[in-house]
Amino acid sequence: MNILALDLGTSSVRGLVLDADAVPLPGALARRKMTITIGDDGAATLDATDYLTALEACLDELSEAGHLDNIGLVATAAQWHSVLPLDQHGKPLGPVLTWLDSRSSPPSTMPGPADPDDFHHRTGTWWHRFYWSVRLPWLRESSDIRPARFVGLVEYAFGALLDHAPMSVSQASGTGLLDLRTLDWDPEACALAEVGRGELPELAAVDWTGRLRPDLARRWPGLRDVPWSCPTGDGAASNVGSGCVDPYRAAVTVGTSAAVRLVQAAPAGAVLPPLPDGLWRYRVDHRHIVTGTAYSAGGNLFAWANKVLRLPSGAELEQALAAIRPGAGVVADPRLGGDRPPGLAPAGSGKVYGLSFGTRAVDIFAGLMEALCRQVAADLTEIESTVDYPVEVVLGGGAVAASQWWRDAFVSALAPRRVSHVRNPEIGATGAALIAIGRFHDGVVLERISRTDEGH
């Protein structure tokens with residue numbers, strides 16, 4: 001039995017086939033890039049119809065190549081925090097708001113949570129523009145038509161493909177409306193969002209599986225009667241795919257954005273561990289939570305700098321970076337996309353200091369990359385306060401995989417912790433598949449991790 005893993009990210013849609021041990025099969029990959037519409041007002045949106053078309057195109061490509069002929073399960077890692085308003089017929093009333101969109105603000109008539117600390121502990125989030133508690137009232141005010149209901153991007157796509165498409169507790173936790181202990185919609189959060197239960201997605205049961213709609217089974221016969229498991233938030237899936245599945249090993253993942261996260265066991269109904277003021281907490285599944293923080297900069301910072309600064313490429317770039325000693329040179333603030341919660345800095349908050357006539361493009365680039373490393377190191381110390389001991393760190397994601405210098409910069413910033421690098425570039429898809437087949441702790445074995453801190 002093979003596994004079809006879908007990676008529904010912000011910058012791309014990907015479909016790949018894994019073997020029964022969740023190892024990607026060579027060549028069995030289809031990918032479509034997505035265009036985020038960015039506005040000077042803080043808008044950052046995706047077109048839902050285009051996104052669904054891209055996903056269908058990936059399935060078409062895999063099917064035509066025969067890669068869907070032996071699929072026994074579909075697993076999904078999907079972007080957190082997106083929201084899409086729908087009319088009574090399930091049609092989009094506008095574009096998808098992505099995590100990058102910073103336009104919404106709390107209604108002036110709403111006082112906020114009665115007890116902000118308790119709200120933060122229950123939902124793992126804040127009353128912040130990033131979450132549905134603020135975004136839904138803003139969307140209503142921004143639309144001439146009152147939305148009938150709200151979904152995330154993955155629920156919209158699955159609603160078009162499957163016979164039944166509830167929202168997983170992992171995806172629901174990213175809305176900021178879920179009580180992480182009871183695994184039900186939080187009444188106070190819903191009141192702040194001015195939303196009733198009927199306007200929100202149904203929550204998936206622990207054993208939920210979906211099936212492809214019969215009319216689409218003719219288009220993709222290899223997926224006929226194949227079960228689809230609950231989608232997992234992409235950050236949580238990346239932790240699992242990196243082997244960071246217990247409180248002794250944290251994942252630092254740099255994809256389009258970046259994050260540092262720690263997974264802990266927390267069955268439904270169990271008392272949740274303390275949560276520091278500056279950290280969020282979401283659900284991996286019904287049995288685990290993930291605590292951490294995220295940044296608007298990551299691989300997108302790499303892409304921006306490469307375009308604007310006209311950097312050399314490949315080995316030439318690494319050679320130029322190698323001459324820059326970590327901690328010496330340009331100082332930067334990498335928040336080009338603003339703050340992720342709980343911060344409120346708007347897009348355009350990035351800064352570069354210490355420029356001279358001798359400063360090169362590669363020096364500016366190095367300063368931005370090192371700045372993100374220092375942010376991660378400071379926040380990891382706060383995460384460690386929840387477990388009272390230093391943790392090991394595993395670096396993962398396409399951006400750090402592309403740069404040995406960036407990996408070394410992380411090692412320097414995170415010292416004296418043991419830092420490793422997972423080579424598998426498909427950690428999100430792999431993690432989602434491992435969760436789906438019940439092999440949560442099999443994400444990375446030691447021989448799949450290469451040490452990057454030797455000699456430091």
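How many helices and strands are there in the protein? I counted 14 helices and 21 strands; helices (H or I, at least four residues) and strands (E, at least two) are DSSP runs numbered from the N terminus.

**Entry 1. Basis.** I noted that this is a predicted model, in which local features need pLDDT of at least 70 and side-chain atom pairs count only at pLDDT 80 or more, while totals for chains, interfaces and linings use all residues. Residues are numbered from 1 along each chain as its sequence is written, and side-chain values use heavy atoms, with hydrogens and water left out.

**Entry 2. Overall form.** The C-alpha trace spans about 60 × 55 × 40 Å along its principal axes. Of the 456 residues, 59% count as buried; buried means under 20% relative accessible area, exposed over 50%, and partly exposed in between (1.4 Å probe, protein chains only). I then turned to contacts, meaning heavy atoms within 4.5 Å. Of those with a separation of 6 or more, 70% come from residues 24 or more positions apart.

**Entry 3. An open sheet.** I traced an open sheet of 5 strands in the order β3-β2-β1-β6-β12, with mixed pairing. Two strands pair if DSSP finds at least two bridges between them. Because β3 (24-33) and β12 each have a single partner strand, they stand at the edges, and one side of each is left without a neighbour in the sheet. Strand β2 (residues 12-18) and β3 run antiparallel and are joined by 6 bridges. Within this pairing I found Gly 15 bridged to Ala 30 in β3.

**Entry 4. Strand β19.** Is strand β19 (residues 392-396) mostly covered or mostly uncovered? I found it mostly covered, with 4 of its 5 residues buried. It pairs in the parallel sense with strand β13 (residues 249-254) over 5 bridges, and Ala 250 has Val 393 in β19 as its bridge partner. Strand β20 (residues 419-422) also runs parallel to β19, with 3 bridges; here Leu 395 is partnered by His 421 in β20.

**Entry 5. Aromatic rings.** I listed 8 aromatic pairs. Rings of Phe, Tyr and Trp (its six-membered ring) pair if their centres lie within 6.5 Å; planes under 30 degrees apart count as stacked, over 60 as edge-to-face and the rest as tilted. Trp 80 and Tyr 282 form a tilted pair, because their ring centres are 4.8 Å apart and their planes stand at 55 degrees. This pair links distant parts of the chain, 202 residues apart: Trp 80 is in the loop between β6 (71-78) and β7 (84-86), and Tyr 282 is in strand β15 (residues 280-283). Both Trp 80 and Tyr 282 are buried. I also recorded one aromatic cluster formed by Phe 302, Phe 365, Trp 406 and Phe 410.

**Entry 6. Charges over rings.** A charge sits over a ring if NZ of Lys or CZ of Arg is within 6 Å of the ring centre and within 35 degrees of the ring normal. I found the charged end of Arg 340 over the ring of Trp 99, 4.2 Å from its centre. The charged end of Arg 135 lies over the ring of Phe 130, 5.9 Å from its centre.

**Entry 7. Ser 229.** I placed Ser 229 in the loop between α7 (214-217) and β12 (232-233). Its relative accessible area is 10%, so Ser 229 is buried. Not counting residues up to four places away in sequence, Ser 229 touches Leu 73, Val 74, Ala 75, Trp 208 and Ala 436.
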